[in-house]
Amino acid sequence: MEKKVVATSSLAGCFGCHMSLLDIDERILELIELVEFDKSPVNDVKKFSRRVDIGLIEGGCCNEENVHVLKEFRAQCKVLVSVGECAIMGGLQAIRNTIPLKECLDEAYLNGPSVKGCNEESIIPNDEELPVILNKVYPCHEIVKIDYHLPGCPPSADLIWNALRALVLDEKMEMPYELVKYD
Amino acid sequence: MNQILKFKLDGVECMGYKDQYITNAAAENGFYIPTLCNIPGVKPRGACRICNVRVNGKLMTACTTPLANGMVIECQTEELKDLRKAIIELMLTEGNHFCPSCEKSGNCELQALAYRFNITVPRFKYQFPERDIEASHPKLIKDHNRCILCKRCIRVIKDEQGRNIFAFGKRGNRITINIDTELANDISDENARMAYEICPVGAILLRENAFREPIGKRKFDHVPIGIEMERFHK
Amino acid sequence: MRNAPIIQDSAMIESPEIMPAKSKLQHEVSTILEHYQHDKTRLMDILIDIQDENGYIPAEAIDYLSHELNISTVDIRQTVSFYHFFSETPRGKYTIYLNDSAVANMNGRKAVSKTFEKEAGISFGSVTEDGLIGLFNTSCIGMNDQEPAALINGAVFTRLTPFRASEIIRDIRAGKQVEEMFVASYGDGNNSSEFIKAVVNNHIMKRGPVLSDQFKPGEGIKEIVKMSPEDVIKEVKISNIRGRGGAGFPTGLKWEFCRNAADQTRYIFCNADEGEPGTFKDRVILTEKPFMLFEGMVIAGYAIGAKEGILYLRYEYKYLKKHLENALQKIRKLKLLGKNILGKKGFNFDIRIQFGAGAYVCGEESALIESAEGKRGEPRDRPPFPVEKGYLEKPTVVNNVETLCSIVKIIKNGGEWYKNLGTKESTGTKVLSISCDCRYPGIYEVEWGFSVNDILDMVGGDDVQAVQVGGPSGSCIAPNEFNRTLCYTDLATGGSLIIIGNHRDLLKGIILNFMDFFIDESCGSCTPCRILTVLLRDKLKKIIEGRGVMQDLEDMEDWGKIMKANRCGLGLTAANPILTTLKNFKNLYLNKIQINKDYDTGFRLDEALREGMKASNRKVSVLENK
């Protein structure tokens, strides 16, 4: 059987979901028999070399670069999966969604206790190499179509494993009660 | 002695008592009808609408509808299951429910229902409303981000003179549940704890009480909500 | 701290020198409280008096009420904050409530509102710094046949134009009284009477039994004193009349349920909370037929065994208060109201007027009862039904204005006579409120069974795109259905018909407005009604903006079904503007969606970046650079 190709990325996330993927322990050997990785931090490949079968997205979108990567994933992946709470609902970053952006930036760079008095020119970072921040943090499916969602913070290794196996082998996925959790 | 009544629930012959609400009668017959705003023993309100069942074909909330002889009740139809799931999804998107940072996570009834209904992502757009956290009361914290307006606290928590400590404010999608500042200052320890415990989500918190139970030891970590009532699994 | 309140009280008694003297406001509230005997269930009246006296409900008044009535301030505020016309902040010496209904907008409201804003120097929802003028939007005020209209300190101003708006602001600044600001003569009929004096027109275009000039006070009561209450109910049942508010429950049956309730203390309510946008027939009946209406209440009271009747009147119709109170006085003098009516021993019945304070949902009978008890207008769970446990837990009948008027004619002429009017299932006549794109908007009393086409012929509606039958909660129907008839088995309606011409933008101009209306007016109790109305409105907006896809139409249809989980009529019908147009005007939607896309959430990167670029003072984004 030809190996399925997987790509992964972490957008506005903490890499915890990727860590959880690695928590599948010795099953990683089985995984390597089933799939090969294209663009992914797992193998440090930075660019897509081809159209892939499965894309796993960790994190939501908080800046324009995230949107760009997400759209690229949608274009390159036959099946796209949101992995973890951030990808699904913005995650903890999205707590800022309930506060006006200007207020957040002012607190972070101008007025917060750790920066007050240190930023003499009152600059909110604006180097042209820096991606511009979005007005709020977006769940991935509010930007592109997402085929499946794996909840959890992070999703348990078992859940990610079950999902990958089911996708690769085209089987029905098992979702026992204990695996679907939001924390 | 209460009069005994017969009724049918999802095709099963059941028995209950006159004046018993459908939810309670169902539970005694081994059926779980999902509820969220309901608390057994307190006058029901029918606010969340999750317990909608078809009674002789008509949609009624099981928590507010008293049993009548010969009722034919449908509960676990595809239509009703999706209706309940949709309502839970509405609640998840209406407020700001960041489970990973919520101390009620694992013991939260909204989350437990979402687990039970296998919700991986809500069908509705997240609203991310701007809401306050009231942290100025001596014993309680009211986090409006998580409030699902179930009215439990309003119905249950009263001071010694029977006055409301909690009440609604405004209406429609601007509605909130507010605490009376003066009465919250004088709230008894028992009342404060009760308010925390009856809140199905993490909207009413007790000070100095957070994260007492580790993950894995919480109420809904291993077993779905309502399982203790179920004899007939559907 | 268990005994805290008691300690406080005794401290006050023991040391009178620290008890602060009553402020002016406290004196005023004390007087109001005495007037209502410190009755908590009269909280609505108490709050209305405070609001009217001060232009708002000061926090000090709430604290004082809390102390005097022994209810918490948060509890008082849950009532205060529920109603549109209550405010905890001043709303201006002159408060302008400009109707924001779809029909007002179709008749040029926008230009009027802009002029108000420009002349007053503030935007809607605020008060001028000097506290002189407050500008606020309000839901339909029952003047659809003479829009745009506004309430200014309770007085009605109809047919506003930008010119009139600037005149009004000028007059306000000149310190004129509201009555001095009228420039047209008072309206027809009783609108010109000394007790109303309003620039409002009845526009009665077609009369039937209810609106007939033939009515003589007492003609119905003279009949019932010879009858037993059971016979009165029997006669009503023979007539087969059904509730005229919209829900259409058989009136005789409702009365019978109530009469059979065990409790002997019973109440009859007249529902004059006419809030369905586009409905104004009750306003005309209240203006022209108050005697008939009150007589209907007396008859209902006699039939069900009630000693007290309450007219629940929407705050928007407060300009009719003196007129109605005067009518009640006159009826009392005629011995048609009060003790031993028409000399019949033990036939005691009286009526009081209960005002609402701006909440559409209070037109739902159990919400109306809650409101009359001084609470938020949240519909109750059923069972128990009001006929078993209603006002103050007592058996209660709530009937519409028009129903009660029809009853008088039924009693006078007999149920058989009435039954011969209309159709077999829908007997009698219906008073219709017809507005918008037709030559003769106004009030038409017709027999049930008219088709929409008949009505369009009658009112001069030619170039018609759609007819909204029954207000926003009803259906929006297209010309291919204009052969349908008005009756309980086909197009049931509380009587509002909004005629929408071909030149109108149906989705943007009307349906969006209707959705906003339901969002504003939902009580917020049921989850789907509270949230889904907003989500559906947002989908509609997205489609109107050209960002919709086919999936959105499917979603709206699917999500609409969730609304059936709601408790009351408002929640059950709040998706109807979208659902009925999706069904009857699908092409309008199909023309707006993107056909080359199957997924679009409406997200646009440039819009999402705007705020961040501004905050960090950047002109171009990284992606634009590349």
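## A bridge in the sheet of chain C

In strand 3 of chain C, Thr138(C) is the bridge partner of Asn99(C). Strand 1 (residues 94–99) and strand 3 (residues 133–138) of chain C run parallel and are joined by six bridges. Strands here are DSSP runs (E, at least two residues), as are helices (H or I, at least four), and both are numbered from the N terminus. Two strands pair if DSSP finds at least two bridges between them.

This is a predicted model: local features need pLDDT of at least 70, side-chain atom pairs count only at pLDDT 80 or more, and totals for chains, interfaces and linings use all residues. Residues are numbered from 1 along each chain as its sequence is written, while chains are lettered from A and ligands numbered from 1 in the order in which they are written.

## The whole sheet

The open sheet of chain C has five strands in the order 2-3-1-4-5, with mixed pairing. Strand 2 (126–127) and strand 5 (155–157) of chain C are at the edges with a single partner strand each, so one side of each has no neighbour in the sheet.

## Chain B against chain C

The contact takes 39 residues from chain B and 36 residues from chain C; two residues are in contact if their C-beta atoms, placed from the backbone, lie within 7 Å. Helix 2 of chain B gives the largest share of the side of chain B that touches chain C, six residues.

## Chain B as a whole

Chain B has six helices and 10 strands. Its C-alpha atoms fill a box of roughly 50 × 45 × 35 Å, taken along the principal axes.
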